[in-house]
Amino acid sequence: MLTELWTWILDLGNSKTVALLIFFTTYVGIVIYVYSSRKRSERLESYRNMPLMDEDDADRRVKAAEAAQAKGEK
């Protein structure tokens with residue numbers, strides 16, 4: 001049974017299905033990682049407008065978000 005599964009995976013005709021499963025699993029893992037912690041999601045949300053901000057303002061917001069996260073983890 002295991003050799004049949006391995007043969008099916010290695011068949012080039014099934015590569016699209018295998019790639020879809022790998023990428024979908026990775027995507028779901030990333031979404032779960034990002035939204036599993038409220039503080040992590042707030043920190044990542046603070047990075048949303050970073051390309052549009054001035055450097056000083058962006059640095060200040062990133063440092064504030066990281067300090068808030070470090071304070072919450074202790």
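This passage describes the fold, the surface and selected residues of a predicted protein chain.

The model is predicted: local features require pLDDT of at least 70 and side-chain atom pairs count only at pLDDT 80 or more, whereas totals for chains, interfaces and linings use all residues. Residues are numbered from 1 along each chain as its sequence is written, and side-chain values use heavy atoms, with hydrogens and water left out.

The protein chain contains four helices and zero strands, where helices (H or I, at least four residues) and strands (E, at least two) are DSSP runs numbered from the N terminus. The order of elements from the N terminus is α-α-α-α. Along the principal axes, the C-alpha atoms occupy a box of roughly 55 × 30 × 10 Å.

Of the 74 residues, 14% are classed as buried (buried, under 20% relative accessible area; exposed, over 50%; partly exposed, in between; 1.4 Å probe, protein chains only). The accessible surface amounts to about 6,700 Å², and carbon and sulfur atoms contribute 62% of that area. The chain carries 11 positive and 11 negative charges, whose mean positions lie 8 Å apart. Lys and Arg count as positive and Asp and Glu as negative, while His and the chain ends are not counted; each charge is placed at NZ of Lys, CZ of Arg, CG of Asp or CD of Glu.

Threonine 3 belongs to helix H1 (residues 2-10) and is exposed, because its relative accessible area is 58%. Its C-alpha atom lies 56 Å from that of arginine 60, at a sequence separation of 57 residues. Threonine 17, in helix H2 (residues 15-35), is partly exposed, with a relative accessible area of 35%. Between threonine 17 and valine 31, 14 residues apart along the chain, the C-alpha separation is 21 Å.

Helix H3 (residues 38-46) includes arginine 40 and serine 41. Arginine 40 counts as buried because its relative accessible area is 17%; serine 41 is likewise buried, at 15%. Beyond residues up to four places away in sequence, arginine 40 touches Tyr33 and Val34, where contact means heavy atoms within 4.5 Å. With the neighbours within four places again set aside, serine 41 contacts Val34 and Tyr35. A polar atom of the arginine 40 side chain is located 2.4 Å from the backbone oxygen of tyrosine 33.

Terms used: Polar contact = N/O pair within 3.5 Å; in protein donor to acceptor, adjacent residues only side chain to side chain. Areas by Shrake-Rupley, 256 points an atom, 1.4 Å probe, with all protein chains shown as cover.
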